[in-house]
Amino acid sequence: MNTQNYQLVIYWSSEDKAYIVEVPELPGCIADGKTRQEALANAEIIIQEWLEVAREEGRKILTPQEKLINSAEAAKRLGLSVALIRRYCTTGRLAAQKVGRDWAIRLRDLEDFSTAQRRSGRPARSMQHADA
C-alpha cells in the first residue's frame, strides 16, 4: 500500500516547539519534526510502521479515502452551525477523526450522515447542491 496516498495534516505546535503531522485515516498515527520537511519524512516512516503493526495484530486498515473536510466546511455543506457539527463529531453521531483542535470528516461519512434519520434538530440540507 502506498503510504503517500494517505492525507496528512501538518501544523505547528507551540507547546511541543515542533511541526506535527497527523494521519486522520490511521488513528494515533502522528509524527513530528523541527522542520516541515523533517516532520513529513518522519510521517512516512511512522505510516509504514503503523501499517506493519496493524497487519501483525490483524487490525483493520483503512484504505486512503477521498477528500477530508473540517467542521466549518461540513457545517456549510449541511446548513448547520459549526458548534452542532462539532457536537455530533464529539458524541460519535458523525464519524470523524480529531485533528488538533478540529475534526477531519470524510465526504462519504458526511453524505451518509445527511441522509440518515435524526431524532432531533432541524434536517440537514441535501448534499447534492452543496457545491453549487
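Glutamate 73 and arginine 77 sit 4 residues apart in helix H2, about one turn of the helix. Their side chains form a salt bridge, 2.9 Å from N to O. The model is predicted. Its salt bridges number 4.

**Salt bridges**
- Aspartate 102 pairs with arginine 86 in a salt bridge, with the closest N and O atoms 3.6 Å apart.
- This pair links distant parts of the chain, 16 residues apart: aspartate 102 belongs to strand S6 and arginine 86 to helix H3.
- Arginine 86 counts as partly exposed because its relative accessibility is 37%.
- Arginine 59 and glutamate 57 form another salt bridge, their closest N and O atoms 3.1 Å apart.
- Glutamate 57 is exposed, at 55% relative accessible area; arginine 59 is partly exposed, at 37%.

**Nonpolar cores**
- The largest nonpolar core holds 15 residues, and Ile85, Leu94, Ile105 and Leu110 have the most contacts inside it.
- Helix H2 (71-78), helix H3 (82-91), strand S6 (102-106) and helix H4 (107-115) each give two or more residues to this core.
- H3 contributes the most, with 4 residues.
- Another core lies apart from this one; it has 9 residues, including Cys29, Ile47, Trp50 and Ile61.

**Surface charge**
- Glu15, Asp16, Asp32 and Glu38 form a negative surface patch.
- Glutamate 38 is part of helix H1, which spans residues 36-57.
- Glutamate 38 is partly exposed, with 34% relative accessibility.

Notes
Residues numbered from 1 in each chain as written. Predicted model: local features only at pLDDT ≥ 70, side-chain atom pairs only at ≥ 80, totals over all residues. Heavy atoms only, no water. Patch = residues over 30% accessible without salt bridge, like charges linked within 9 Å, V, L, I, M, F, W, Y side chains within 5 Å. Areas by Shrake-Rupley, 256 points an atom, 1.4 Å probe, with all protein chains shown as cover. Lys, Arg positive; Asp, Glu negative; His and termini not counted. Charge placed at Lys NZ, Arg CZ, Asp CG, Glu CD. Buried < 20%, exposed > 50% of the residue type's maximum accessible area, 1.4 Å probe, protein only. Core = buried A, V, L, I, M, F, W, Y, C linked by side-chain atoms within 4.5 Å.
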